[in-house]
Each structure stands twice: as C-alpha cells, then as structure tokens.
Amino acid sequence: MRMRGRKTTAALAAVAIAAVLVLTSGVGLQAGAARKLEIFSWWTAGGEADGLNAMFEIYKKRFPGVEIINATVAGGAGTNAKAVLKTRMQGGDPPDSFQVHGGEELSATWVVTGFMESLADLYKSEGWASVYPKDLVTIVSYKGAPYSVPVNVHRGNVLWYSKKIFDENNLKAPATWEEFFKVADTLKAKGIAPLALGDKNKWEAAHLFEDILLGTLGAAGYRGLWTGKTSWSGDGVKKALGAYARILSYVNTDHAAGTWDSATQMLIDRKAAMTIMGDWAAGYFTSKGWKANVDYGFAPAPGTGGTFVVVTDTFGLPKKAPHRAEALNWLKVAGSKEGQEAFNPLKGSICARTDCDLNKFDAYLKSSAADFKQNALVPSEVHGSAAPEGFATVFNDIVNLFVTNKNAAAAQSALAKACKDNKMCM
Amino acid sequence: MPGQELLAPPRNSANVATTIAPGPARPSTLARPRIRRDSVLSALIVLPSVVAVGVFVYGFIGWTAYVALSGWNSFVPDLSFVGLRNFAELFQSPRFQIDLRNTVIFTVAFLAGCLGIGLLLAVLLDQRVRGEALFRNIYLFPMSISFIVSGTVWQWLLNPSTGVNLLLEAAGLGRLRSPWFTDPKIAIYSVVIAAVWQLSGFTMAMYLAGLRGIAEELREAARVDGASDWQMYRHIILPLLNPITLSAVIVLGHISLKIFDLVFAMTGSGPAFSTDVPGIFMFETTFRGNRFAEGAAIAIIMLLMVAVVVIPYLVWSTRAEAAE
C-alpha cells in the first residue's frame, strides 16, 4: 500500500508537470508564428461570405504569405457574433480586425471605452476624406477622428413589393402611409395579405417601427430622437405608434413564427404583396432568381422619400491587435476601390466610397447608389448606428410588447425612460 | 446533461433500495496509520477538483453576486457598490415580471406532463410486454438529442403554416388547427410540449427502475388480500414510488428553472415575451445590452430559485445517508 501510494503521488506529479509543459510549449508556438491575420465577422453564408472571400483574395494577391483566419460566428444582424466578440475583447484576446456597424455600436461600445485605435493617419495616407461622403465619415468618427473603415452601405428604409400582384391590381407603390392604407385595403379586399412581417427575432418589428418613426417625424425630427431634441413622450412618437398599430392590422397573423427572410419569401410565394426591410432583401430576391423591376419593385418606405437610413458595415483596429501591420493592410484593402468593387456586388450592397464603377451593380443597387449621393443620410437605430446598444435592446423589447398589446402610452413612457437610462436624454 | 449527480438512488425506502443497496460496511479492524495514509492520499486526489470547483463554481458565484451589487451597466467595468438597485430595477421591469410568471407556468406544466406521461409509460412497460427493450429505447431516445436540435425541429412542427397544422388538416381535423406559439396566450404551452416530449422518457426510465425495485411479494400480498389493480397501484405502488417522484421533481425542476437553449432555439422571446424566460433575458441584457450588473442580478435570482428546490433535497438526502 505504501509503495502504491507513493507511486500514485509520483504519477500525479508527472501528469501535472507534463500538463504545464504542454501548456507553455503551446504558448511558445503561438508567439513564434507571425504573418497571420484574423478577421472577425458574421458573414457566414451566401453572398456575404462570397464577398468577404473576394476581399481575402485581393489581400492575398497584394500581401502574399499571410495566413488569413476567417473567424465567423453565424446569426442574423450579428446578434450572436457581437456576444462572442465582447467576451473576447473583455478577455484581452481581440481579433486583428472585426466587423462592426458604424455609429454608436462602434463608438459607445468600443471607442469611448478605449478599445480602439484612431485611424486618422490611415485616412490621410489613403486619401479617403475625398472619396467617402462626409456624413458617413462622421458616423464612424469620435471627437473628430475616424475609428473604422466602412466597406459597404445598406439602405434600411425600403418597401419591397411584388410587381405581378401590383400590376394585376393596377396599384402603385405607396409614397405615404395614407396611400399605403388605401393600397392595403384594396389588397385585403382581394384576399391578398398586404404586408409581410417575420419578427421572431424581435429586431424585425423594431426595424419596421424605425421606418415609421422616420416617415412620421421626418429626417430632422428622427435625428433628434437620438440626441434628446425630439421627445419620446411627444405627439410625434404618439402618432407613429398609432400608425404602427394600424399597420399591424395588415400584417400576416403568423408573423411571430417568421424571420425577415421568411417574410421576403412570402412575396415570392404570392402569400403577401409588400414587405418593409433593409436592402439585404434584394440579395435574397437575387438568390431566388427574382429580378429588380421585373419580379419585384422597390420604393422608399412610405413617408421616407428623400432620406436614406444608413446601415454600414465597417472594420476597425483594436488596440491590442496581435498582428497590427497585417491588420492595417487589411483596412487598406477594405477601403480600396478594388476591394469594395469586389465585395459589394456579391454582398448586395453599394460601395461606401462614391467612386465605384456602377456597371458592376444591378438595377436596384444603381438606384440606391444614386439616392445615397443625393438623399439626407440618417443613422439606423436597430442596426446599431443611432443609439447605444443598451438602448437598442430595450427598444426591441418595447416594440415587441407593443406589437401585441398596442398600448401606446406604456410604450412611450418606457421609451422615454430608456432614453434617460442610457443618458441620451436629460 | 446537467444534474446527473442528482440521480443518486433514493435511500429511505428499503424496498426500492434493495436492488441498489450499498456494499457491506467496511470492516472496522483496519490499523490506524493505514487509515491516515489512505485519507491523505484520497485528500490529495480530491484536492484538484475541490480547488477547481472552489474557484470555477463558488468563486464565480461570489463574483457574480458582487457584480450584481455594482453599477456596471455599460461596457466600462464599474464596480462601485449600488446595493440592491439592480434588483429593484429588475422587479419593476415588465419583461422580468412576465419571465417569472412564465417560469412558474412552464415549471408546473412541464413537471406535471413529464411525471404523468413518464409514470403511465413505465406502468405500461412494466406489464412485461413483448419488445419492451425496443419501446424503452424509443421512449428514452429524445433525451439524447440536444435541446437546440429539438427546439429547431419543434419550431417547424408547431409553425402555424407548416407542420402539425397541415397534418391535422390532411386528417380532416382542420378545426383543431392552432396558432401555437404565435398566440401569446398559449405560446408557452407549445414550448412545454417540446420539453415534455424530450424528458418524459427520462422520467419513464426512473419510474421503471422504481417499479422493478418493488418486491413481487408485496404485489402478491395485495392480490391475496383481494385488492383490485387500481387499489394496488393507488395504495401500495404509488406510495413506494414517492422517493422516485421526488428525485424526478428535483432533476426536472432545476432543468426547467434555468432552461434557455430549448426556448432560445424554438421561439426566442415569443410575441409579447410570452415564451421569454430569465435565461434569455439574462443573455440579452448582458451580451447584447452590455448591462452586466443587471445580467448578474438575473443570474443570482435564477440561482436562488434553483437553490430553493435543490438545497432541501440535498439536506434530506445527506440526512438519509447519515441515518443509514
């Protein structure tokens, strides 16, 4: 027994030493290998993944010999990826560069908290000030310095409709909510569901409400919501909520079981005539063989003509990026004309730069690019630009409750409280 | 699967315990120094896991409790003490109130479903039917599937425009169509159906083991005394199964109080939070909203809810063990 006891102790010690050796050698290996680039995003499938790979190819051509690690986390609108990224950043293990929506999601979460490096020098050396729209650079800037490089622009406020159903019923895309209700009544009388919605993930319903807010308050009033100038408890928001309640009576009853893409699919299946969604829906139509102006039509969401809700994916540089030089090269590719012309037609978005060759884009994207140049650009709340994430999650919750109980007074007071809690209003 | 450690056989019923009786007591003739050497060695072997559990379980519970009392509600760590403010905020939040109500409804319905169906299946299987092993495996099989997978499948099955509703219509039972989880009033029961499907087989297995542990003489004695089958089950077998029921309630209860994955994959928060549970609220508050202190407070409340169920059980089983 005595011998066995000692042997066991010795064996335990040996295992412990071996474990320490393995661990330390692992650390040594990691530090030894250089020339890597880890890019974090939620572009896991379809056109998005193809677009990302196209940018990787350009990077490999320009900077050969660098191993690219494509760290993606699946999940619509990046909801899961953002959670993973937060634990990595908090734990001191940042990727070399990561996808982030420009605006508050970038500045409130990462810049103010001191996780990001300023890119003012990069913007200067690459001459980006003259090719990016000024409003867009402002969205990715904090105290005058840019902190990320936008690669694309999506439009949030688009009404999509089935051309066939509209032509058959001699309908025109509604430009205001009043027109919308007329069109919707006509469709309803014919037994066609007017508006498709799929809000299982909550943000889809919030997305629709954001467009209603913009349509009701106008660009200036809408911008004021995020700075405290427009009151959440005022008549404007009340009117928007009233409109929303009315709009919801034209929505498919099983909306809680669907997602944005199943809502888009309803147009293809002739189960609904319209849906309001960001222009990633155009990418979905394309992937199903539907063509712009032939199978589907598009217009600004009712009441939002002349404004453009910007949803921009950008890449930034974390302070503790393990491969800083490679990451800077990546940002150069992401901001280049060549990189954006390769990425965006596949992703189904327009270039964040204004000098891209439009011949590479389809009819919808051409029209979107034209609007992007002329329209008033406003930030999206649901997609992280207009308000801090703390507000965005509560906003989703409030809208989720409102969709069912339609209690406008409760929603307004909750919104006003959230605005205060997140220090957006005094 | 969490909570396996709670599956230790109940010990207070001699009849049930016969099949799984502990080994004979150690002879007390061991020399003193040997006992000490043994205990040093066993202490050494247990030490790593004690340290690991101490740090990674109790250490982090302590840390979470500490964060729950702090003002860390943005991405910048802020550990200033704010007392119970986070808890006060939570209990005022309409979403959290709905969550607590959902948890109670879900737990009660889920337990009733699992225990009822599990007992029924076990009693049926206990009739020495042919192909018993096959049925046992079929009933137990859902348990081996991850909650994420079953959640996804049940989401399709109970989607009002696909799945079960189409089946009902094809069978001419169109009147039984239901909006399932898109109707806030009944949404939570859709999730209960999925959870019961997944875990009633497990309850069946526990009950079957219990039934097999009941001595045949007891049944015979009851029959000799002229008891009907119903009376025998009602007055002899069911009372003998009480310890099994208790164990099942503990295991299933703590699963249901902290459920996350099944609901997250199947319905998410649901319309008007009708299927929202504290686990989902905690995840979104912490990792989407960056409100770390509030997220920690939700975690502490969940821990307390589970503790209310588990601690009395642990005390009871330790006492029973000591009594032996």
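In what order do the strands of the open sheet of 4 strands with mixed pairing in chain A stand? That one is picked up in point 3, after some ground rules.

1. **Ground rules.** This is a predicted model, in which local features need pLDDT of at least 70 and side-chain atom pairs count only at pLDDT 80 or more, while totals for chains, interfaces and linings use all residues. Residues are numbered from 1 along each chain as its sequence is written, and chains are lettered from A and ligands numbered from 1 in the order in which they are written.

2. **Confidence in chain A.** The mean pLDDT (the predictor's confidence in each residue, from 0 to 100) of chain A is 90, and 92% of its residues reach 70 or more. A contact here needs two C-beta atoms, placed from the backbone, within 7 Å. Where pLDDT is low, the predicted coordinates should not be read in detail.

3. **The opening sheet.** The order is β9-β10-β8-β11 in chain A. Strands are DSSP runs of E with at least two residues, helices are runs of H or I with at least four, and both are numbered from the N terminus; two strands pair if DSSP finds at least two bridges between them. At the edges stand β9 (193-196) and β11 (296-300) of chain A, each with a single partner strand, so one side of each has no neighbour in the sheet. The twist averages 25° from one strand to the next. Inside this sheet, β8 (residues 158-162) and β10 (residues 272-277) of chain A pair in the antiparallel sense over 4 bridges, with Thr275(A) of β10(A) as the bridge partner of Trp160(A).

4. **Another open sheet of 4 strands.** Chain A also has the order β14-β7-β12-β15, again an open sheet with mixed pairing. Its edge strands are β14 (350-351) and β15 (376-379) of chain A, each pairing on one side only. β7 (residues 152-155) of chain A joins β14(A) in the antiparallel sense over 2 bridges, and Val153(A) has Ile350(A) as its bridge partner. Helix α9 (residues 203-225) of chain A lies across β12 (307-311) and β15 of chain A, at about 90° to β15(A); axes are lines fitted to C-alpha atoms, for helices over the stretch in contact, and angles run from 0 to 180 degrees between N-to-C directions.

5. **Have a look at β3(A).** Strand β3 (residues 97-101) of chain A is mostly covered, with 5 of its 5 residues buried. Buried means 20 or more other C-beta atoms within 10 Å of a residue's own, exposed means 12 or fewer, and partly exposed is in between, with C-beta atoms placed from the backbone. Ser97(A), Gln99(A) and His101(A) point one way, and Phe98(A) and Val100(A) the other. In a regular strand the side chains alternate between the two faces of the sheet. β3(A) pairs with β1 (residues 36-41) of chain A in the parallel sense over 2 bridges, where Ser97(A) partners Ile39(A). With β13 (residues 313-316) of chain A, β3(A) runs antiparallel, joined by 4 bridges; His101(A) stands opposite Asp313(A) there.

6. **A covered helix.** Helix α16 (residues 389-405) of chain A has 15 of its 17 residues buried. From first C-alpha to last, α16(A) reaches 24 Å, close to the 24 Å expected at 1.5 Å a residue (the expected span is 1.5 Å times one less than the number of residues). Just after α16(A), Lys406(A) takes a positive phi of about 50°.

7. **Chain B.** Chain B has 14 helices and 0 strands. Buried residues make up 36% of its 324 residues. Two spots deserve a look: Phe273(B), in the loop between α12 (261-266) and α13 of chain B, has a positive phi near 60°. So does Asn290(B), with phi near 60°, in the loop between α13 and α14 (292-323) of chain B. Phe273(B) counts as buried because 26 C-beta neighbours lie inside 10 Å; Asn290(B) is buried with 24 other C-beta atoms within 10 Å.

8. **Where the chains meet.** 28 residues of chain B are in contact with 28 residues of chain A. On the chain B side, the elements that give two or more residues are α2 (32-68), α4 (94-125) and α13 (278-288), and α2(B) gives the most, with 4 residues.
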